[in-house]
Amino acid sequence: MSHDPAPSQLSFSVSGHIAKTCVQVYEAVADPEQLSHYFTTGGAKGRLETGATVSWDFHDFPGAFPVKVLEAEAPQRILLQWEANHSAAPDAQNTVTFDFQPQDDNSRTKVVITESAWQDTAEGATAAFGNCEGWAGMLAAMKCWLEYGIVLREGFYT
């Protein structure tokens, strides 16, 4: 099943390398306790497992967001959907894909995050750029947390 955006939709990908195994990096996203340390500063509820709907909350963007887990294939891939303003999808749900790629004999992991289904409009582009910034920040925060135990996000946006 392909999740490529239609030509009239905008999508983006961000990526980064983390000096941990794919299993460790996958777990840092799938496990709500770990995710709450460096990303969902208001807390995450529910493990990312296929078919689950979990909740992500952010102190700096109040209000919990429901997140549907379409696919969780440890330790390679997580496919999510969540509601987005200016989504081109009929149900206003954007698709977010996390791909975890082993590097250097699995001593490092390349993480690629792709979000798609933004409207190909000025408003859709503005919303997409905002989320692109957020996912890039998430990758940096995850690297700091996993490699150094530092919480980077706290106070970053407010």
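Trainee: How many strands does the open sheet have, and in what order do they lie?

Mentor: As a general idea, strands of a sheet pair through backbone hydrogen bonds, either parallel or antiparallel. In this predicted model, the open sheet has seven strands in the order β1-β7-β6-β5-β4-β3-β2, with antiparallel pairing. Two strands count as paired if DSSP finds at least two bridges between them, and the strands (E, at least two residues) and helices (H or I, at least four) are DSSP runs numbered from the N terminus.

Trainee: Which strands stand at the edges?

Mentor: β1 (9-18) and β2 (43-45) do, and because each has a single partner strand, one side of each is left without a neighbour in the sheet. Neighbouring strands of this sheet are turned by 20° against each other on average, direction ignored.

Trainee: How many bridges join β3 to β4?

Mentor: Five bridges join β3 (residues 53-58) to β4 (residues 61-73), and the two run antiparallel; in this pairing V54 stands opposite V67 in β4.

Trainee: Which strands does each of the helices α1 and α3 lie across?

Mentor: Axes are lines fitted to C-alpha atoms, for helices over the stretch in contact (heavy atoms within 4.5 Å), and angles run from 0 to 180 degrees between N-to-C directions. Helix α1 (residues 22-30) lies across β1, β4, β5 (77-83), β6 (93-103) and β7 (108-119), running at about 155° to β6, whereas α3 lies across β1, β3, β5, β6 and β7, running at about 15° to β1.

Trainee: Which residues of the largest nonpolar core touch the most other members?

Mentor: A nonpolar core is a set of buried Ala, Val, Leu, Ile, Met, Phe, Trp, Tyr and Cys residues joined through side-chain atoms within 4.5 Å. Of the 37 residues in the largest one, W56, F98, W135, M138 and M142 touch the most other members, and helix α3 (residues 122-148) gives the largest share, eight residues. Leaving out residues up to four places away in sequence, W135 touches, among others, F12, W56, W82 and F98.

Trainee: Is A28 buried or exposed?

Mentor: Buried means under 20% relative accessible area, exposed over 50%, and partly exposed in between (1.4 Å probe, protein chains only). A28, in helix α1, has 0% relative accessibility and therefore counts as buried. Its contacts beyond four places in sequence are Q34, L35, Y38, M142 and L146.

Trainee: What conventions apply here?

Mentor: Residues are numbered from 1 along each chain as its sequence is written, and side-chain values use heavy atoms, with hydrogens and water left out. Local features need pLDDT of at least 70 and side-chain atom pairs count only at pLDDT 80 or more, while totals for chains, interfaces and linings use all residues.
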